[in-house]
Amino acid sequence: MLAVSLLFGMIHLIPGDPASVMLGPRATPELRAELTERMGLDRPFIVQLGSFLGRIARGDLGEDPFSNRPVAAIVFEQLPFTLVLVLAAITAASLLGVPLGCWSAIRRDSWLDRLIALLAVAFIAIPSFVIALYAVMLLAVRLRWFPAIGAGEAGNLADQIYHLVLPALALGLGWVGYIARLVRASMLEVLEENHVRTARAFGLPERVVIGSYALRIAILPTITILGIGIGTMLSGALFAEIVFSRPGIGKLLHEAVMTRNYPVVMGTVLVTTGFFVLCTLVSDIVNALLDPRLRNSEEAR
Amino acid sequence: MIALLRPHGLLRESLRKLRGNPLGFGGLVIVIVIGVLTVFAPLFATHAPNEVDVYARLQPPSGEHWLGTDQLGRDLYSRVLHGGRIAMTVSLVAISLSMALGVALGMLAGFGPRWLDRLLVIGFDTVRSFPTVMFALAVVALIGPSLNTVIGIVIITSVPAYARVVRTQTLALRERDFILAERAMGASTWRILRHHVMPNIAAPLFILASMDIPAVVGLEAGLSFLGLGVRPPTASWGSILSDGYAYIRNSPWPLIAGGIPLVLVTLGFTFFGEALRDIFDPRLRRKT
């Protein structure tokens, strides 16, 4: 709510009114006046802010002045593409990151552990769009293993998945490192605990001890991080969508920024920010549900 | 920070420890080499960064053009060096300003009245509730792309991180005995902040800054890649990548030239930052 008002206020503090910027230098004064009135720009700031917040509460994000379609429809049309990409990336990252983290925790301080740690830091540090660009260059353009652009034929699931591989990998690679590090750290802690020692003392095979006794607890911090991860990945998804020319929220926002289409910029940023806040909230709640220490401290109060 | 370290010979001690950490030392070497190359870019460059040579378009590396040429025949090696200046300027200016602002706001929140603290924390949380790149794009859409816009965006988005660290440390220090004693002896708030709080928050701040540099360099390159950072023909690692991406089917060299320094700088600063953290904060080392 606060963020929304801030965003709206920001647009108003900027010199030059949106109407003349949008119509370009060759617009006639009558045209400008008409658009100004249609967008309600002639009313006082507080009235505008009030009606703006009211409209958002009703789920109305205004109208795209170029195509005259409601912004909400445009944004929610593109959102599924981005969500699929982000979910695919986070799934891929977990499937790779969790085993790597376990592995390096079990073989602590071996050369393998060090190599994984090194790669993890490297993947976290390198900007994801550079990884995406190099993936396109090497795997799509040079080797032609994967398609370089597009989201695949509509209705053809196999083709869509085929188009999803590279962007999801490029987006998720940093998170592989992050998850591996987290799992390793919490796994090392859990392995010291009593119930793991008891399980070992009962002679359970190491695979069972790690897989079902230790991992079940060691994975908790990772799950809560994933919620925030999905939110932060929205930023990375923007680059992935542009590099791979995929439809999605990021591409929509980029095009809107390039054409100075303020209502669409606003709507996109609003929806993604809302989504980001929602993810953080959900991960906080999940964290509280999963972590008995937090739960107990709540009850103690 | 130097003044803080000298009396204990801590600087020498840290350098010695850093040498025992090959990755951190390697990171420092990368940072120094790239720093020198970019600061003295005109000396090391073989061509002017914007010198167009249409007969030598999209060439692979050669004795004449060490990293090849781009779609206008501009020398990529020289452009990369000059692009490094942009990256370094943005990160140094933006990070030092956000650090200064973060220290001021964080201390204000930590040492000031309760209502001000609440207000500031709400402010920090508001800024943090935007996904960074989305926020950056919205700002660029409003005030137009330029280097100053990029710096401004970095400052707005990173001040909360610094301020939070400072606030937490200040709050923790505030009730400690030595501060209370100082206060009982009649020291002013300013004196306490300057002589007692500052030295205690310097180390975590510098660690945070060195870990922040890769993110800032990445953001600048990302925005320039999107055409929302520096204006053409100025060379930036992001704009080199963007040009290279447009000609990806003709030549891989612009992409390689633009990406390698980005990878090196982010890795260098990250490894160096991690080493710094290990040296100054042994508690964290045991955890991760």
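Me: Which residues touch the most other members of the largest nonpolar core?
Reply: This is a predicted model. Its largest nonpolar core holds 148 residues. Within that core, the residues that touch the most other members are A:A132, A:V265 and B:L137.

Me: Which helix gives the most to this core?
Reply: The greatest contribution amounts to 16 residues. It comes from a helix of chain A that spans residues 157-191, namely α8(A).

Me: With which residues is A:A132 in contact, leaving aside its neighbours within four places in sequence?
Reply: Neighbours of A:A132 within four places in sequence are set aside here. The remaining partners of A:A132 are A:P167, A:A170, A:F239, A:A240, A:V243 and A:F244.

Me: How many residues of chain B are in contact with chain A, and how many of them are nonpolar?
Reply: On the chain A side, 38 residues take part, and they meet 37 residues of chain B. The elements of chain B that give two or more residues to this side are α6, α7, α10, α11 and α12. By class, the side has three charged and nine polar residues, and the nonpolar ones number 25.

Me: Are α11(A) and α7(B) parallel, perpendicular or oblique to each other?
Reply: Helix α11(A), residues 220-243, packs against α7(B) at about 60°, with the axes 7 Å apart. The contact joins A:L234, A:S235 and A:L238 to B:T132, B:V133 and B:M134, and its classes are four nonpolar, two polar and no charged residues. Roughly perpendicular begins at 65 degrees and roughly parallel lies under 35. The angle therefore makes α11(A) and α7(B) oblique.

Me: How is the contact of α6(B) with α8(B) divided by residue class?
Reply: The axes of α6(B), residues 114-128, and α8(B), residues 147-174, come within 9 Å and cross at roughly 135°, so the two helices are oblique; the crossing is left-handed. From α6(B), B:F124, B:V127 and B:R128 meet B:I156, B:T157, B:P160, B:A163 and B:R164 of α8(B). By class, these residues are five nonpolar, one polar and two charged.

Me: Why is α12(A) described as largely enclosed, and how many of its residues are buried?
Reply: A residue counts as buried if 20 or more other C-beta atoms lie within 10 Å of its own. Among those of α12(A) that qualify are A:I249, A:K251 and A:H254. Helix α12(A), residues 249-258, is largely enclosed by the rest of the structure because the buried residues, out of 10, number eight.

Me: Which residue just after α12(A) takes a positive phi?
Reply: The phi in question is about 55°. The residue that takes this value just after α12(A) is A:R260.

Methods
Residues numbered from 1 in each chain as written. Chains lettered and ligands numbered in written order. Predicted model: local features only at pLDDT ≥ 70, side-chain atom pairs only at ≥ 80, totals over all residues. Axes fitted to C-alpha atoms, helices over the stretch in contact; angles between N-to-C directions. Parallel < 35°, antiparallel > 145°, perpendicular 65-115°, else oblique. Left-handed = near helix turned anticlockwise from the far one by under 90°. Contact = placed C-beta atoms within 7 Å. Nonpolar A, V, L, I, M, F, W, Y, C, P; charged D, E, K, R; others polar. Core = buried A, V, L, I, M, F, W, Y, C linked by C-beta atoms within 7 Å. Buried ≥ 20, exposed ≤ 12 C-beta atoms within 10 Å, placed from the backbone.
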